[in-house]
Amino acid sequence: MEKMRLVVKVKSWFHLWAVVYLSLFLSITETDAQQGTCLMKGPCKCEYADGSVIDLERIAKKDSFAFPYQDPTTVGSNFVYAYNPCYPVTDTDNCKDVSACQKSLSSGNTRYAIGSASPTGFYGSDSSISIGYTSNDQHGSYKYLTVNLVCDSTASTPKLSVRGETSLNFYEYTLTSECCCPDSCLGPAPTSGGLSFGSILCIIFSCLLLVYIVLGVLYMKFMKGASGKEVIPNYSFWTDFPGLVKDGGKYTYSKVGGMLGKKSNYEDI
């Protein structure tokens, strides 16, 4: 009886130590995994436990695919693929507000959404990080896209390699860039790539000025019978314009000087 109690006691201690050891092992493993995991902080940004960040925003575009349609590495594929991290892109009604799109080359260039603008998360750890995307196409098929991130500090120009559809409704890209390295691309957000408002105003002004000069010359020559420099529209105004600007500047200077208590020799106009 005593022998049986001793055996039970030994087994109980063994079980207790086994539970404690397993708990410690799982705790250490979980901590290591958390330290190596890059937690998603945005659609194209993740952060490690040490505070370092992977940010793909610098290589993204706001209004088009940063990586336009390209052939996959799969031989004999009838599809091409496009990708843009960070910002949604609308290609057609079938590919609306997406990060990735598939285009058929054999059915009227039909598009299929294979990755929504919002990824499901960043996966893997340390140097093996990937972004996961899901999407429903126009036929209700659920698509899964994995974008593997390859850190290359020498790759100032990002490169996208497309494997394409690795199995039914599963797709794979590989993005190689310096921006896939922690803390390598923390610069400003990308521009849309279009003209700024100031540039548009300059273009409009230049066009109006050209129209004004051409029509004015034609009017003065054929309607007024002017010749030589007189064909320039409002010639007398433009010859006086520099002097008027000078007088305006001197007048403004005298007024400001008077407000500041400075004496001015400018005579009242």
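Author: One definition before the rest: buried means under 20% relative accessible area, exposed means over 50%, and partly exposed lies in between, with a 1.4 Å probe and protein chains only as cover. This is a predicted model, in which local features need pLDDT of at least 70 and side-chain atom pairs count only at pLDDT 80 or more, while totals for chains, interfaces and linings use all residues. Residues are numbered from 1 along each chain as its sequence is written, and side-chain values use heavy atoms, leaving out hydrogens and water.

Reader: Is Cys 181 buried or exposed?
Author: Cys 181 counts as buried because its relative accessibility is 6%.

Reader: And what is Cys 181 joined to?
Author: A disulfide, that is, a pair of cysteine sulfur atoms within 2.5 Å, joins Cys 181 to Cys 151, with 1.9 Å from S to S. The pair links distant parts of the chain, 30 residues apart: Cys 151 is in strand β10 (residues 142–151), and Cys 181 is in the loop between β12 (170–177) and α2. Helices (H or I, at least four residues) and strands (E, at least two) are DSSP runs, numbered from the N terminus.

Reader: Is Cys 151 buried or partly exposed?
Author: Partly exposed, as the relative accessible area of Cys 151 is 43%. The link between Cys 151 and Cys 181 is right-handed, with 105 degrees about the S-S bond.

Reader: How many disulfides in the whole structure?
Author: A search finds 5. With the bonded cysteines numbered in sequence order, the pairing is 1-3, 2-4, 5-6, 7-9, 8-10.

Reader: What about Cys 38?
Author: Cys 38 is joined to Cys 46 by a disulfide, S to S 2.0 Å. The torsion about their S-S bond is about 90 degrees, so this disulfide is right-handed. Cys 38 and Cys 46 are both buried.

Reader: Which cysteine pairs with Cys 95?
Author: Cys 101, in a disulfide with an S to S distance of 1.9 Å. That link is right-handed too, at 100 degrees about the S-S bond. Cys 95 counts as buried because its relative accessibility is 0%, and Cys 101 is buried at 0% as well.

Reader: Where is Ala 100?
Author: In strand β6 (residues 98–104). Ala 100 is buried because its relative accessible area is 0%.

Reader: What does Ala 100 touch?
Author: Not counting residues up to four places away in sequence, Ala 100 touches several residues, including Tyr 83, Tyr 112, Leu 145 and Tyr 173. Contact means heavy atoms within 4.5 Å. Ala 100 and Phe 65 are 8.3 Å apart, C-alpha to C-alpha, and 35 residues apart in sequence.

Reader: And Val 211, where is that?
Author: Val 211 is in helix α2 (residues 197–222). Val 211 counts as partly exposed because its relative accessible area is 44%.
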